[in-house]
Amino acid sequence: MPPAGRTRDSSAEDHAFRPGLLFSTPALRRTTCLLFIVWAGFGSGYYGVILLITKIFEKKSDSGGGGGGATCHFDYGSIFVSSTSELVGLAWATLTLDRCGRRRTQYGFYTACGAFTLLLGVAARASRGNGDT
């Protein structure tokens, strides 16, 4: 029962979100599942790129202590520049999105991201010398 002097707003209750609504029709079920797959793929891809960046910037050196172990040194300045470039990319994406629209922006950025990720992997493999990981 609504408080005195207030009427019941049925439209707000009718449009309340319930997770079950995402699976209520075949079309929504399909869209929800596809979005989950895309979201999980991008999350995994982002995590993989972050791990790849640390592999690219690591420098292994022999410790020389007779223990046979190697120590890793990272070029933190380059990692910082690489990570900070994400802010530039986000600003660029926002400006492009406003001018070109969502679909063109996504197509262009995903294509460029795939190409540059491939180049990043090739560069990482080449920098290791013999190509063994």
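The expected span of a helix is 1.5 Å times one less than its number of residues. Helix α3, residues 76–100, has 25 residues and reaches 36 Å from its first C-alpha to its last, close to the 36 Å expected at 1.5 Å a residue. The model is predicted: local features need pLDDT of at least 70, side-chain atom pairs count only at pLDDT 80 or more, and totals for chains, interfaces and linings use all residues. Residues are numbered from 1 along each chain as its sequence is written, and side-chain values use heavy atoms, with hydrogens and water left out.

**Overall architecture**

- The protein contains 4 helices and 2 strands; helices (H or I, at least four residues) and strands (E, at least two) are DSSP runs numbered from the N terminus.
- Along the sequence, these elements follow the pattern α-α-β-β-α-α.
- After α3 comes Gly 101, whose phi is positive, near 95°.

**Surface and contacts**

- Of the 133 residues, 6% count as buried, where buried means under 20% relative accessible area, exposed over 50% and partly exposed in between (1.4 Å probe, protein chains only).
- Among contacts (heavy atoms within 4.5 Å) with a separation of 6 or more, 25% join residues 24 or more positions apart.

**The largest pocket**

- A pocket is an open set of points on a 1 Å grid over the protein atoms alone, where a 1.4 Å probe fits, with protein on both sides within 12 Å along at least five of seven lines; lining residues have an atom within 4 Å of a point.
- The largest pocket holds about 1200 Å³ of space, a volume being the space filled by probe spheres set on grid points joined across faces, edges and corners.
- Of its 24 lining residues, Tyr 46, Val 49, Glu 86, Gly 89 and Cys 113 are the closest to the centre.
- Helices α2 (26–57), α3 and α4 (102–127) each supply at least two residues of this lining, and the largest share, 9 residues, comes from α3.
- The lining has 16 nonpolar, 7 polar and 1 charged residues; Ala, Val, Leu, Ile, Met, Phe, Trp, Tyr, Cys and Pro count as nonpolar, Asp, Glu, Lys and Arg as charged, and the others, Gly among them, as polar.

**Two residues in helices**

- Gly 45 lies in helix α2 and is partly exposed, with a relative accessible area of 35%.
- Gly 45 and Thr 117 are 72 residues apart in sequence and 9.7 Å apart in space, C-alpha to C-alpha.
- Ala 93 belongs to helix α3 and counts as partly exposed at 21% relative accessibility.
- Leaving aside neighbours within four places in sequence, Ala 93 is in contact with Thr 105 and Phe 109.
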